[in-house]
Amino acid sequence: ALLEKALHSAVSNDELYLVYQPQVNENGLLIGFEVLLRWSNDELGLVPPDRFIPIAEEMGMIEEIGYWVMDTACRQLTVWQEKGLPLSFRGIAINISPYQFAKDSFVDTVKEVIDNTHVDPSLLDFEITEGMLVENIASVAEKMWLLKEQQVRFSIDDFGTGYSSLRYLQHFPIDQLKIDQSFVRDLSSDPNSHVIINTIVSMAAHMNLSVLAEGVESYAEKGILEAIGCARFQGYYFSKPVKSDLATQYLSHST
Ligand code: G
Ligand code: G
Ligand code: G
Ligand code: MN
Ligand code: NA
């Protein structure tokens, strides 16, 4: 109950902030950041998103919070754009809650943020989950196409952990699959994880999709993933999520 009460005023009390986790290509060049939300409350301390996002969804607060994330991230991105982005940089990835996406107003809300912030929409990558693609397929596809017309890209987050039917992928304008970190974690110990990643990478190649491996924590893991044919990476081996000032430094060192 304390958490619910505190969450109500988190946005207006300025308790939310964003961190940015680098995404790199096979040459180690910075290609993007995943935007990750943080909540710091005086009484509760730092509450992890795994704990408060499901509650925000239940409370009907995820739209407001999701709007804050998108608006704040896009404003940060326009600042970076003005400084000049590295050639390798493709944009920022924003996690979209299924509840947020399901709102009729979602497409207009995104357009509003693009208009307000003057962000280059081709630098936006929306992370959605497999589960969002199995219900209300027609309306989900329609929204995705409308956003695609705005040049926004889509990635499937935690890929491989959800519904195993791959057929749905062809119905949606998806650009990238993010291999879930559980497969990467087990890569050297569990032959099944190796087979699964191999299958995802070859399927993605056939479907003209990019693949990014999440949760890469070591040089060895990066090497195995590279040998399989994965060319994009994110994880503690490269960097943990960092605050905007350090992210700005990473960008300026990359130009
Ligand atoms: O750093 P990590 O603890 O940030 O994230 C934990 C979980 O919270 C992940 O599943 C991640 O997708 C989710 N998450 C982080 N930031 C956001 C956000 O801005 N919006 C949504 N919907 N989920 C987020
Ligand atoms: O390609 P497919 O038939 O699976 O597309 C799924 C849905 O997306 C259909 O309703 C189709 O009409 C719609 N769609 C396909 N291409 C576009 C497009 O370029 N723009 C928009 N707005 N909708 C599209
Ligand atoms: O569900 P999603 O992929 O959006 O969430 C990403 C989560 O993974 C965040 O909580 C982020 O902090 C975490 N993360 C990012 N890199 C690593 C890593 O190398 N190892 C582990 N264990 N977690 C990571
Ligand atoms: Mn994510
Ligand atoms: Na993920």
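1. Helix H3 spans residues 62-83, and its 22 residues reach 31 Å from the first C-alpha to the last, close to the 32 Å expected at 1.5 Å a residue. That expected span is 1.5 Å times one less than the number of residues in the helix. Helices here are DSSP runs of H or I with at least four residues, strands are runs of E with at least two, and both are numbered from the N terminus. Please keep in mind that this is a predicted model, in which local features need pLDDT of at least 70 and side-chain atom pairs count only at pLDDT 80 or more, while totals for chains, interfaces and linings use all residues. Residues are numbered from 1 along each chain as its sequence is written, and chains are lettered from A and ligands numbered from 1 in the order in which they are written.

2. The burial pattern of H3 is worth a look. Its buried residues are Ile62, Ile65, Gly66, Val69, Met70, Ala73, Cys74, Gln76, Leu77 and Trp80. Seen down the axis of H3, these residues fall within an arc of 165°, so they line one face of the helix. The arc is that of the directions from the helix axis to the C-beta atoms. Val79 and Glu82 are exposed on the other side of H3. A residue counts as buried if 20 or more other C-beta atoms lie within 10 Å of its own, as exposed if 12 or fewer do, and as partly exposed in between, with C-beta atoms placed from the backbone. After the helix comes Gly84, with a positive phi near 100°.

3. Helix H2 (49-58) can be read in a similar way. Phe52, Ile53 and Ala56 are its buried residues. They cover an arc of only 105° around the axis, which puts them on the same side of H2. Asp50, Arg51 and Glu58 are exposed on the other side. The buried residues of H2 pack against H1, E2, strand E3 (45-47) and H3; a contact here means that two C-beta atoms, placed from the backbone, lie within 7 Å. Just after H2, Gly60 has a positive phi of about 75°.

4. H2 also takes part in a ligand site. Around ligand 1 are Leu36, Leu37, Pro48, Pro49, Asp50, Ile53, Val69, Asn95, Ser97 and Pro241. Strand E2 (30-41) and helix H2 are the elements that give two or more residues to this shell, and H2 supplies the largest share, 3 residues. A residue is near a molecule or strand if its C-beta atom, placed from the backbone, lies within 6 Å of it. By class, the shell has 7 nonpolar, 2 polar and 1 charged residues. Nonpolar covers Ala, Val, Leu, Ile, Met, Phe, Trp, Tyr, Cys and Pro, charged covers Asp, Glu, Lys and Arg, and the others, Gly among them, are polar.

5. Now to the other two ligands. Ligand 2 is surrounded by Ala138, Ala141, Glu142, Trp145, Leu146, Glu149 and His171, which divide into 4 nonpolar, 1 polar and 2 charged. Ligand 3 has 13 residues around it, of which Asn95, Gly215, Glu217, Gly235 and Tyr236 come nearest. The ligand 3 shell holds 4 nonpolar, 5 polar and 4 charged residues.

6. The C-alpha atoms of Trp145 and Val107 are separated by 9.9 Å, although the two residues are 38 apart along the chain.

7. Not counting residues up to four places away in sequence, Val216 touches Val184, Glu221, Lys222, Leu225, Phe233, Gln234, Gly235, Tyr237 and Phe238.

8. Asp14, in the loop between helix H1 (2-8) and strand E1 (16-25), has a phi of about 65°. Gln151, in the loop between helix H6 (137-149) and strand E6 (153-159), has a phi near 85°. Asp14 is exposed, with 9 other C-beta atoms within 10 Å, and Gln151 counts as exposed with 12.

9. Finally, the overall fold. The chain has 10 helices and 9 strands. Its radius of gyration is 18 Å, close to the 18 Å that the globule rule gives for 255 residues, so the chain is as compact as a globular protein of that length. The radius is taken over C-alpha atoms, and the rule is 2.2 Å times the number of residues to the power 0.38. Of the 255 residues, 33% count as buried.
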